[in-house]
Amino acid sequence: MGRAALVLARRRRRAAAALLALLAGLLGGCGAPDGDADGDAGGVVRLRFQSLAWQKESVDANRALVAEWNAGHPRVRVEYVQGSWSSVHDQLLTSFEGGEAPDVIHDASDDLADFAHGGYLADLRPLLSDRLRADIPAASWESVTFGAEGGVYGVPFLQEPRVLMANTGLLRAAGVRIPTSEAPWSWEEFRTAARQLTTEGRYGVAWPLKDPVSATLNLGLSAGGRLFRRDAAGKAVIRWAEGDAVVPGTVRAMTGTDHSASRATLGMGGSDTLPGFFGGRYAMVPLGFSYRQQIARQAPPGFEWQVLPPPAGTDGLVQGVSPQTLSIARDSPHKKEAAAFLDFLLSPANTVRLALGDWMLPTSARALADPALHTPDLGWSTGTALAAGLRPAPAPSVRGYPEWKDKVATPALQEYYSGAIDLAELEERLVRDGNRVLARYQR
C-alpha cells in the first residue's frame, strides 16, 4: 500500500471510530447509570498501565509498585498490563488506531518519534511535577522532546550504557592492563588488548552485532562520530566525519586483519555469545549493562568475570543511549491521574527499585546517588561511573530513522562487517541512500 493510500485508510478508520463512538454515546445516554462516565458507577478512575518489564525482578518491582499505589489511592485504580518489547511498536500502533491504547505506556525513546509526530501521545509539559522535571538531566529530556514547539512525550527513567564483560582469569593470565573509568582503554588500546588475549581456540572479543546500527552509532560518539546533523534550515541530514569511521573500522580490523574477534558472532544477539564466554572461547564481550543479570544467573560455578568501561575516544567515555520511557496516551480521559501515578512510580526511592529490578541505571539524579547503585559488586559502580557521559542516541529523534535503520544502515553495516564492501562504499550508502530516505519525511 502506498503512503497516500495508507494515510487515507487511517483517516477512514478514524472517521468510522468517531462515528461509532458518537452512536454509542447517544445510545448509552438512554439508560446509563449515574456516576463518572469515564470511570465506573462509583466514580472510581481506572487506568491501564502497560509495562514491558520482562526480568522476574523487574516484573515483581512493577507489580509491587502498582499494588502500593492502589492500596493508597482507592479512587484511582491502576491495572497492570503486560506488554512485550518484541511487538510493542506494532501493538501500540494498532491500539492507537483503534482507540484502545493504555493510559500509561512503557516504551523506549527511539520508538517515540513517529507516535509523537502522529499525535498519539500527550505533551507532558503541563502535567509533570517540578520535582520530576528537575530530577532528570536536560540531556535525558532531549531524547523525548519532539516537534517545533518542543513537546515532551515521555519521561526517560532507565538507561543502559554499553560495557565490556570480561573473563577475569583470562585477563589476569594475559597480563593486560585493566581499564577503569578514570583510565579507560583508547580504541587502539582495546584492539591491542584483544590481540594479547587471542590464542589458539580463543578470541579476544566477541562482537554480537545482529543489530549493528545502535551499537555502532552509540559507541561512535566517544570518537566524535555523530552521522546525523542539522543543516542551516534545521532539517536532519547525514554527513560522514572522521569519527564515524572509528567503531566500524575497529570491528572490521579485529575480525578481518587481527583475527582477534570472531567473525561468527557478527550475526548473533548478545545472549547467543554467553555460552562461548562462559566456556573461555571469548575473553570479552561488549554488551548492554543489564546483561549482568544473565551472566550472574547463568555462569557456571567458579566463573570469574568483571565489568569494564568501554573504550574511550577523543571525547572520552561518551556514548549514546535510548532511555526507557513512560508516556501518556493523548486520548486518555484521565491524564492528570495518569501523571500523578507516574510521579509516584518515579519517585527517587521507587526509581531505585525499578533500576535494581532491571539491572539498569536510573536517569534520576537523586536515584543515581543511592548507595545501592555504587557497590563494586556485580559491576554497579562501573556502570554508575559512566552515567555522566551518557547522551541521547544520535538519530532516533529524526523522522525517517526507522526506515533508514532497517532499509539502509543495517544491510550496509552487515555487508561491511562481513567484508563484502569497503569503508568508502559503506559511507556512500549510509549518506547517499540515507539522505534520500530523510528527504521524504521532511518535505
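Me: What makes up the lining of the largest cavity, by class?

Reply: The lining has 12 nonpolar, four polar and two charged residues (nonpolar is Ala, Val, Leu, Ile, Met, Phe, Trp, Tyr, Cys and Pro; charged is Asp, Glu, Lys and Arg; the others, Gly among them, are polar). This is a predicted model, where local features need pLDDT of at least 70, side-chain atom pairs count only at pLDDT 80 or more, and totals for chains, interfaces and linings use all residues. Residues are numbered from 1 along each chain as its sequence is written, and side-chain values use heavy atoms, without hydrogens and water.

Me: Why is it called a cavity, and what is its volume?

Reply: The volume is about 140 Å³, the space filled by probe spheres set on points joined across faces, edges and corners. It is called a cavity because a 1.4 Å probe fits at its points, on a 1 Å grid over the protein atoms alone, but cannot get out; lining residues have an atom within 4 Å of a point.

Me: Which helix gives the largest share of that lining?

Reply: Helix 9 gives four residues (helices are DSSP runs of H or I, at least four residues, numbered from the N terminus).

Me: Why are helix 17 and helix 18 called roughly antiparallel?

Reply: Their axes come within 9 Å and cross at roughly 175° (axes are lines fitted to C-alpha atoms over the stretch in contact, with angles from 0 to 180 degrees between N-to-C directions). Angles over 145 degrees count as roughly antiparallel, so helix 17 and helix 18 are roughly antiparallel. The residues of their contact (heavy atoms within 4.5 Å) divide into 12 nonpolar, one polar and five charged.

Note on methods
1 Å grid on protein atoms, 1.4 Å probe; cavity = no way out; pocket = protein on both sides within 12 Å on 5 of 7 lines; lining within 4 Å. Helix = DSSP H or I, 4+ residues; strand = E, 2+ residues; numbered from the N terminus. Parallel < 35°, antiparallel > 145°, perpendicular 65-115°, else oblique.
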